[in-house]
Amino acid sequence: MQSMDRDIDHILVSEEQLQDKVAALGEQISRDYQGRDLLLVSILKGSVVFMADLMRAIKIPCGIDFMVVSSYGGANTESTGLVKIVKDLDADLTGKDVLIVEDILDTGITLSHLLPVLRMRNPNSVRLCTILSKPSRRKADIEPDYLGFEVPDEFVVGYGLDFDEKYRNLPYVGVLKPEIYSK
Ligand code: PRP
Ligand code: MN
Ligand code: MG
């Protein structure tokens, strides 16, 4: 068996650190949204792992929905600055307290396009929960309401994050060896 671990230079956030943080975020969100009409909105594909963990750490009733967005054209390591809705939500957002669930807030360009679209649909509130953030890369004026970990500007994969659609299923967040993405 050729394990993916061999492509990882070092671990940035361990499985245990992720578990502890998700539990804490779940508790905080459960308190903050007590008695509200909470809808978790997962932005696919990256958020799939965090979404599955976070929803089980939330102890109050909530709905879930999914959205697929993509950048227009270009190489897939850099955002092109334009965002297209490939699969829209099923839910009517009227009166809902929407919590967007993301794996990483990088430049913020994806969310800067998505937030106004969702806010136009008459939700009661829209906030953002992301497990990772790269503040040094920010181009849009977006900050998370709930954050797991700040990470440096390195090539991070795992816990939903991919390189060329691979490594999403690593249970931890790691930094890819340069020889993997430069070949
Ligand atoms: C990644 C990540 C975020 C977005 C963040 O998704 O999952 O959704 O980029 O980047 P930004 O803050 O610079 O806009 P990606 O477009 O790679 O799609 P994926 O989730 O399917 O991997
Ligand atoms: Mn994504
Ligand atoms: Mg990606």
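A residue is called buried if 20 or more other C-beta atoms lie within 10 Å of its own, exposed if 12 or fewer do, and partly exposed in between, with C-beta atoms placed from the backbone. The structure on display is a predicted model, in which local features need pLDDT of at least 70, side-chain atom pairs count only at pLDDT 80 or more, and totals for chains, interfaces and linings use all residues. Residues are numbered from 1 along each chain as its sequence is written, while chains are lettered from A and ligands numbered from 1 in the order in which they are written.

**First stop: the loop between strand 8 and strand 9**

Select Tyr-159, which is found in the loop between strand 8 (156-157) and strand 9 (173-176); strands are DSSP runs (E, at least two residues) and helices likewise (H or I, at least four), numbered from the N terminus. Tyr-159 counts as buried because it has 29 C-beta neighbours inside 10 Å. Next select Glu-165, in the loop between strand 8 and strand 9. Glu-165 has 8 such neighbours inside 10 Å and therefore counts as exposed. Phi is near 50° in Tyr-159 and near 70° in Glu-165. Most residues other than glycine have a negative phi.

**Second stop: helix 1 and helix 2**

Select residues 15-32 (helix 1) and 48-57 (helix 2), whose axes come within 8 Å and cross at roughly 50°. Helix 1 is therefore oblique to helix 2: angles under 35 degrees count as roughly parallel, over 145 as roughly antiparallel, 65 to 115 as roughly perpendicular and the rest as oblique. The contact (C-beta atoms, placed from the backbone, within 7 Å) is made by Val-22, Ala-23, Leu-25 and Gly-26 of helix 1 and Asp-53, Leu-54 and Ala-57 of helix 2.

Within helix 2, select Val-49, Phe-50, Met-51 and Leu-54, which are buried. The elements covering the buried residues of helix 2 include helix 1, strand 2 (38-44), strand 5 and strand 6 (125-133).

Select Lys-45, placed in the loop between strand 2 and helix 2. A cis peptide bond, with omega about 0°, joins Leu-44 and Lys-45.

Then display ligand 1, which is surrounded by 15 residues, the closest being Lys-45, Gly-46, Asp-106, Thr-107 and Thr-110; a residue counts as near if its C-beta atom, placed from the backbone, lies within 6 Å. Strand 5 gives the largest share of this shell, four residues.

Notes. Axes fitted to C-alpha atoms, helices over the stretch in contact; angles between N-to-C directions. Contact = placed C-beta atoms within 7 Å.
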